[in-house]
Every structure is written in C-alpha cells, then in structure tokens.
Amino acid sequence: MKSTFKILFVSSEIAPLAKTGGLADVSGALPKALKTLGHDIRLVMPEYGSIDKDLYGDHIETNFQNIKIKIGTEFKNANIGSTFLRNPEVKTYLIGNDHYYNRQELYRNPETNEDWSDNAERFIFFNKAILEMIRALDWRPDIIHINDWQVSLIPLFLKLHHRNDPFYEGIRTMLTIHNIAYQGLFPKHVLKLMNIDDALFYSGSSIEYWGKVNFLKIGILHSDIITTVSKTYAKEIQQNEDVGFGLQGVLQSRSEDIYGIVNGIDYSIWNPKIDSFIPSNYDATDLSGKSVSKKELTLRNGLKYEPEIPVIGIISRLTDQKGFDLIEEIFDDLMKMNLQFVLLGTGDKKYHDIFESYQKKYPDKTGINLLFDNQLAHLIEAGSDIFLMPSKFEPCGLNQIYSLKYGTIPIVRSVGGLKDTIINFEGKRENGTGFIFKKYSGKELLKTINKAVEVFKDKPVWNKIIQNAMAKEFSWDVSAKHYEKLYRKLLK
Ligand code: ADP
C-alpha cells in the first residue's frame with residue numbers, strides 16, 4: 001500500500017487568507033503538518049472579495065476560467081486560481097465567482113447582520129465546482145477531506161452525479177465537524193439547485209431533516225469516516241442533546257466511524273518567543289516580555305498599568321455558545337473584585353449592547369473592543385494574566401490552548417475540548433494548568449474566578465502554574481499523525 005496520499009483539503013475559510021473562527025486556523029495549519037509528513041495535500045476555498053489582495057493578489061495565478069457549473073437549470077461560471085500557504089508551501093486553489101463571493105463578509109450581510117440569503121446556493125456551487133475542478137486539473141485525490149456543513153454535499157454529489165465516471169471512482173471522503181451547532185439548514189426547494197431528485201427526499205432519508213435539507217446531516221451519512229476536534233466532544237455530540245443539536249441519533253448510527261482528534265496549534269504563529277505582534281518577546285525562562293505586553297495592553301485600553309492587579313482577557317465570537325449569559329449574570333459582582341477586564345469580540349447585537357453599557361459603567365476597569373483584530377488578539381494573549389472561556393459547549397477551542405503557551409492562565413468550563421486540554425489546579429496538584437468549573441452557572445463561574453484571583457496573589461504558586469502551562473505542547477505534528485492513520489484506514 002502507498003505510504004503517502006493525495007489529499008484535497010476543502011474548507012470555507014483558511015487562515016491567513018480568510019478567517020471568522022477556529023476552522024480557519026485549523027485549515028491553515030493541519031495541511032502544513034500533513035505536507036511535512038510527505039503527503040501531496042492541496043487546499044481549496046472560495047475566492048472571497050475580502051482576501052487581502054495586497055498580501056496575496058500578486059501570488060494568485062489563474063488556472064482555468066469559466067468552467068460551467070450546473071445549478072438547477074442554469075450554468076454558472078467558476079474561475080480557478082491558485083496560491084500557496086507558506087512554510088512549507090501548500091498549493092491552495094481558489095474558486096472564484098464574483099456574484100457569489102465578492103462580498104465584504106464570508107457568511108453574513110454586515111448591513112442586516114443576517115446570513116446571506118443565498119448561502120445555500122453559494123455553497124452548492126462551491127461543492128459542485130470543487131468536483132469539476134479536480135477533473136479540469138486532472139488531479140485525482142485519494143481522499144477528499146471536507147470540513148463542516150459548507151462542503152458536506154461533496155460525498156453525496158460524488159455518489160449521485162459522478163457515479164459512472166471512472167475518474168472519480170474510489171475517491172474516499174472524510175468529514176471533520178468543527179462545530180455541530182452550525183448545520184446548513186435550508187428549505188426543501190434548494191434540492192432543485194442541487195440537481196437532486198425530489199424522490200430522494202422523504203421522511204427518514206439521508207437528505208431530509210424535519211421537512212428541510214440539512215447539509216451536515218448529508219455529510220455525516222455519506223462520508224466514509226467522520227472526525228471531530230476533541231475526544232470529549234466526539235462523545236458529547238452523540239450522547240448529550242444540548243451538544244448534539246438534534247443530530248445525536250444520526251451520529252449514533254455512524255458511531256463506529258466517528259473519531260475525536262484534538263486540534264493542534266501553529267506555533268510558528270502563536271508563540272510569544274517569536275510573535276511579531278507583541279511589543280516584547282518572551283518564553284518560560286524570562287517572563288519580562290509578558291509584563292511589557294501587559295503594560296501596552298492596559299494602556300491601549302485606557303486602563304492604569306498595575307502589575308499586581310490581574311487582567312482577565314477574552315477573545316471570542318459573541319454568541320450564547322461562549323457563556324456570555326453567565327458573564328452578564330455575574331458582571332457587577334466581578335467588577336467589585338480587584339481586577340481589570342479586557343474583551344475582544346464581535347457577534348450578536350445583544351452582547352454588543354451589553355458590553356458597550358459595561359464600558360460606560362466601568363470605564364476604569366474594562367477595555368471593550370467590539371471588532372475583529374488579529375494583532376490585538378495576540379496582544380491580549382500575551383498581556384493578560386487570566387483567560388476566560390466559560391463555554392456552554394466547546395468542540396475544541398483554540399484560545400485556551402494559545403493562552404497556555406503565553407502563560408495566561410485559562411478559566412474554563414469542563415466541557416468538550418476545554419476539558420481535554422486544561423488540567424485543573426486543585427491546590428495540592430502540582431501539574432495544574434488552569435481553573436475548571438463544571439456546572440453551567442454564574443455562581444460557579446464567579447467562585448472559580450475568585451479562586452484564580454486569590455491564587456494570583458501567591459506569586460510562587462502562580463508562577464508554578466505558568467510554568468506548567470507554558471510547558472504544554474499541542475503541536476500539529478502529533479494530531480496530523482492521527483489523521484494520517486485514519487487516511488490509511490480509509491484506503492485499506
Ligand atoms: P470558534 O472557532 O468557536 O470561534 P476557537 O477558540 O476555536 O473558537 O477559535 C477562535 C479563533 O478566532 C481564534 O484564533 C481567535 O483568536 C480568533 N478570534 C475570535 N474572535 C476574534 C476577534 N474579534 N478578533 C481577532 N481574532 C478573533
């Protein structure tokens with residue numbers, strides 16, 4: 001059997017080209033680790049208008065123009081360009097169609113704050129165009145590795161639309177679920193755009209979900225293998241209805257084929273020793289650069305720099321998933337404590353309003369940044385003492401793992417990937433890397449923050465936790481080998 005494979009890694013966002021969350025970080029890093037292992041891995045994503053052309057435009061080469069993609073009764077044009085991710089170089093194809101992708105944001109209309117009304121069509125086009133692209137390139141992957149609902153139709157299209165074509169024969173598919181809360185749920189009429197016969201849509205069929213079309217369900221039932229981004233989350237999505245979002249039963253029917261592989265971290269980007277976004281680099285042997293970062297972070301947020309007062313940082317999408325209702329519940333009590341609070345995030349309007357009101361109410365203790373700012377994200381990781389992530393559910397979570405590397409001690413809830421990546425500090429235990437609470441309640445959260453703030457005062461103990469945290473490695477090398485093992489299994 002072959003020891004290296006041809007893999008097409010398919011994602012709707014890839015850092016640094018386009019990013020709204022952790023999916024982009026994973027899509028920008030895992031393929032590089034797999035390339036290092038010797039595989040011929042290539043990436044593909046839509047050519048969004050938001051891609052920074054100053055950074056990448058010069059490098060985009062045009063491969064094909066005007067490939068015809070059948071959407072319902074019409075044909076739409078796909079242009080195929082390509083560029084590279086760097087270190088090591090990974091070929092990255094970009095599928096262009098100005099009407100679908102030349103928009104300010106990836107999934108949402110910023111003017112209405114609602115999803116683009118034609119998201120089903122935009123991603124049906126992407127799924128179909130990918131399969132036409134590989135034929136145009138005459139490059140037949142052994143495996144198509146798909147990620148999340150946006151590309152979950154590929155296994156179905158392979159089976160229904162390319163069944164009799166020898167070029168596609170034997171291509172295997174792997175689906176990685178990064179967040180099952182997002183499923184791509186659309187009305188039945190999108191079947192026409194998919195060119196799928198109505199006869200396949202009946203109660204209990206793989207295409208039907210409570211009278212609608214559910215892209216992720218299709219991916220789960222038609223992929224050869226399914227992975228998700230931590231072991232605990234792999235169990236929770238099958239067993240816990242609050243986490244499975246209605247797909248528990250569907251997942252249980254595939255339980256033999258579901259695996260949990262924790263995400264790694266790209267330490268060429270998230271590492272205080274070499275991070276170019278922070279004012280002074282540091283590592284575990286000398287933390288003075290962390291104090292410089294704390295000073296810059298507090299001053300930039302209009303706060304007084306006080307080395308003895310802990311700064312609690314948050315970088316997050318502002319959604320219910322991330323536990324903001326708990327933070328709202330305890331915020332006034334939190335502000336009675338001797339600490340400073342810095343937030344970076346965008347998301348639901350209700351949370352924008354709430355945090356704007358906190359900024360007004362507590363100007364001397366809070367720095368509220370309601371925007372997407374990668375540089376500030378790095379500064380918060382470096383300049384905070386504590387990182388807060390009290391999620392309701394969390395597939396893997398990346399920021400708590402970045403925090404470990406930056407010696408910024410996470411407070412997390414015992415759920416999903418948070419549970420798998422943080423070790424609770426229990427006073428006696430020598431190996432604690434953070435503070436964990438179980439029950440989803442404001443009272444528990446407040447108690448845990450209180451405990452962390454108390455321990456922060458005890459410098460030798462706090463330093464020990466920092467050393468434990470910074471010594472942790474969540475390198476992609478290890479996780480990439482787990483994926484490699486599954487690819488091998490698929491091709492047996
Ligand atoms: P999720 O994918 O659920 O949003 P993760 O913790 O897995 O959460 O990953 C979030 C990623 O997005 C991290 O790299 C984080 O730094 C980044 N991020 C989230 N919000 C912002 C923001 N407002 N500005 C800059 N980066 C952000």
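How many residues does helix H1 have, and how far does H1 reach from its first C-alpha to its last? Helix H1 (residues 22–36) has 15 residues and reaches 21 Å between these two atoms, close to the 21 Å expected at 1.5 Å a residue, where the expected span is 1.5 Å times one less than the number of residues. The model is predicted, so that local features need pLDDT of at least 70 and side-chain atom pairs count only at pLDDT 80 or more, while totals for chains, interfaces and linings use all residues. Residues are numbered from 1 along each chain as its sequence is written, and side-chain values use heavy atoms, with hydrogens and water left out.

The protein contains 19 helices and 20 strands; these are DSSP runs numbered from the N terminus, with helices (H or I) of at least four residues and strands (E) of at least two. For 492 residues, a compact globule would have a radius of gyration near 23 Å, and the 23 Å computed for the protein agrees with this. The radius is taken over C-alpha atoms, and the globule rule is 2.2 Å times the number of residues to the power 0.38. The C-alpha trace spans about 70 × 45 × 45 Å along its principal axes.

Of the 492 residues, 59% count as buried (buried is under 20% relative accessible area, exposed is over 50% and partly exposed is in between, with a 1.4 Å probe and protein chains only). Among contacts (heavy atoms within 4.5 Å) with a separation of 6 or more, 71% are due to residues 24 or more positions apart. The mean positions of the 62 positive and 62 negative charges lie 4 Å apart. Lys and Arg count as positive and Asp and Glu as negative, whereas His and the chain ends are not counted; each charge is placed at NZ of Lys, CZ of Arg, CG of Asp or CD of Glu.

Helix H1 is largely enclosed by the rest of the structure, because 12 of its 15 residues are buried. The buried residues include Leu23, Val26, Leu30 and Leu34, together with Asp25 and Lys32. Just after H1, Gly38 adopts a positive phi of about 105°. In the loop between strand E1 (6–10) and H1 lies Pro16, which is joined to Ala15 by a cis peptide bond with omega of about 5°.

A cis peptide bond also links Asn87 to Pro88, with omega near -5°. Pro88 is located in the loop between strand E4 (74–85) and strand E5 (90–96).

Positive phi values also occur at residues other than glycine. Asp138 has phi near 55° and is placed in the loop between helix H4 (119–137) and strand E8 (143–147); its relative accessible area of 61% makes Asp138 exposed. Phe245 has phi near 50° and occupies the loop between helix H9 (241–244) and helix H10 (248–252). With 34% relative accessibility, Phe245 counts as partly exposed.

Thr228, in strand E13 (residues 225–228), has a relative accessibility of 1% and therefore counts as buried. When residues up to four places away in sequence are not counted, Thr228 touches Ile177, Tyr233, Ala234, Ile237, Tyr259, Gly260 and Ile261.
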